[in-house]
Amino acid sequence: MSALTPQSDMPTPTTDKITQAAMETIYLCKFRVSMDGEWLCLRELDDISLTPDPEPTHEDSWEDLTDVVEQLRDDTEDPNYLMANERMNLMNMAKLSIKGLIESALNLGRTLDSDYAPLQQFFVVMEHCLKHGLKAKKTFLGQNKSFWGPLELVEKLVPEAAEITASVKDLPGLKTPVGRGRAWLRLALMQKKLSEYMKALINRKDLLSEFYEPNALMMEEEGAIIAGLLVGLNVIDANFCMKGEDLDSQVGVIDFSMYLKDGNSTKGSEGDGQITAILDQKNYVEELNRHLSATVNNLQAKVDALEKSNTKLTEELAVANNRIITLQEEMERVKEESSYILESNRKVTKDRTADGHALTEARKQLKEETQLRLDVEKELEAQIGMRQEMELAMKMLEKDVCEKQDALVALRQQLDDLRALKHELSFKLQSSDMGVKQKSELNSRLEEKTNQMAATIKQLEQSEKDLVKQAKTLNSAANKLIQKHH
């Protein structure tokens, strides 16, 4: 902002006004975080107020400058813009914190503990991310905002998280939900599952809507980006002893001194940070798209294998049906033969002319035929039972195939949604480029107006000096005339 201050020996009211209006101030709530390599830049854009210069010679220039500044100021008064700005700030802070933690931990080369400063700052940043857009819960003591409620949902989504949730509840020194949430984050980092748990939680926005506002960080794309960045923390070994640590009364304040850098050296880094964030989102979506494509291919292969198995079972069922029909025909034939033999025996009994040996043979044959009939009936019952089991297996297989097809359709729908999201992010990238160009043009116009005003001020100062010299000359001439007169 030094370009707005004219270089003069004596400050004038106009230069003081320009300098006061152009001063950069860092606020706690409304600030813009941008990244320049490994550094952080904070720039206040919401509290610039310029009034027109009372001098008539500069009225038009001040009105043009005020219009440009008011146009920049109106953009920051929208609540949605403020929430988006806060999400971008927290995402950039998370990037810097995670990157610095990984690099310092690898350089340190040992297990980290709770006294390590970059690790403390990482937990503070994560706490701010989880608190962003959190709905207030009404209790008998008043309204309360705590991120412990969303973290409790993780054990329902990932069974492995039930162990650390139970451990947090069993810790004797924790009395507040905030302390339990902080302990949960530390145990998840020790378990090297923090990224997995956060991804599982962010994917269930229907459950998160009970705790967060619609435009909160956990409900938007920035939350998914932060969850992806947490994967890098799996290379860190940490060990915490939380029995003697007071997690309830700790004050979670971000220490910007670890990352802060003068904003003048990072001019225009805001737009670069937005473009970098969009590119990171695009890369994340493309990676997720590839993962879903591989999952769809695997499910398609499983469906094909199930269809082949279904065809094989259908063929076996058809063979079993043919066998049952054959056995039924054979049983009917045996019944007819048995009836014929019984009828013959009756005739033999009535006539009493048949030989006793023939009667014995007939009885023996009848006994054999009866035994054969019983064997055929048993085999028929066994075949009927096998047929019923095959039909039940076919129904279960058809149900499984339908479920797999529904899952395949849902995954294809998700794949289409991700592709649409990819196109939307590309469009946002183009829009961001156009916004950066427009802001550059506005900045050029402001610098041009400022240079013109500085030149005018210099001309006025030079005119003032000339007038003073002329006044001194006239005064000396008047003195000489008075002396001559006397």
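The structure shown in every view is a predicted model.

**View 1. Packing of helix α7 (residues 162-170) against α8.** In this predicted model, E163, I164, T165, S167 and V168 of α7 meet R180, A183, W184, L187, A188 and Q191 of α8. Sorted by class, the contact of α7 with α8 holds six nonpolar, three polar and two charged residues. The two helices pack at an angle of about 140°, and their axes are 9 Å apart. That angle makes α7 oblique to α8. The crossing of α7 and α8 is right-handed.

**View 2. Crossing of α4 and helix α8 (residues 177-191).** The axes of α4 and α8 come within 11 Å and cross at roughly 120°. α4 is therefore oblique to α8. α4 passes α8 in a right-handed crossing. On the α4 side, the residues in contact are L119, F122, F123, M126, E127 and L130. Their partners in α8 are V178, R182, L185, R186 and L189. Eight nonpolar and three charged residues make up the contact of α4 with α8, with no polar residue.

**View 3. Packing of helix α9 (residues 194-202) against helix α11 (residues 221-229).** The axes of α9 and α11 are 8 Å apart, and the packing angle is about 160°. Angles over 145 degrees count as roughly antiparallel, so α9 and α11 are roughly antiparallel to each other. Their crossing is left-handed. S195, M198, K199 and I202 in α9 are in contact with G223, A224, A227 and G228 in α11. The contact of α9 with α11 comprises four nonpolar, three polar and one charged residues.

**View 4. The second largest cavity, with lining residues from α4 (117-131), α9 and α11.** Four cavities of 30 Å³ or more are counted in the model. The second largest cavity has about 40 Å³ of space. Its lining consists of M126, C129, M198, I202, L217, M218, G223, I226, A227 and L230. α4, α9 and α11 are the elements that give two or more residues to this lining. α11 gives the most to the lining of the second largest cavity, with three residues. By class, the lining of the second largest cavity has nine nonpolar residues, one polar and no charged. M126 lines this cavity and also belongs to the contact of α4 with α8. M198, I202, G223 and A227 line the second largest cavity and take part in the contact of α9 with α11.

View 5. At least two lining residues of the second largest pocket come from each of α9, α11, α12 (269-351) and α13 (356-485). α12 gives the most to the lining of the second largest pocket, with eight residues. The lining residues of the second largest pocket divide by class into 12 nonpolar, five polar and six charged.

Technical notes. Residues are numbered from 1 along each chain as its sequence is written. This is a predicted model: local features need pLDDT of at least 70, side-chain atom pairs count only at pLDDT 80 or more; totals for chains, interfaces and linings use all residues. Side-chain values use heavy atoms; hydrogens and water are left out. Axes are lines fitted to C-alpha atoms, for helices over the stretch in contact, and angles run from 0 to 180 degrees between N-to-C directions. Helices (H or I, at least four residues) and strands (E, at least two) are DSSP runs, numbered from the N terminus. Angles under 35 degrees count as roughly parallel, over 145 as roughly antiparallel, 65 to 115 as roughly perpendicular and the rest as oblique. A crossing is left-handed if the near helix is turned anticlockwise from the far one by less than a right angle, and right-handed if clockwise. Contact means heavy atoms within 4.5 Å. Ala, Val, Leu, Ile, Met, Phe, Trp, Tyr, Cys and Pro count as nonpolar, Asp, Glu, Lys and Arg as charged, and the others, Gly among them, as polar. On a 1 Å grid over the protein atoms alone, a cavity is a set of points where a 1.4 Å probe fits but cannot get out, and a pocket is an open set with protein on both sides within 12 Å along at least five of seven lines; lining residues have an atom within 4 Å of a point. Grid points are joined across faces, edges and corners, and a volume is the space filled by probe spheres set on the points.
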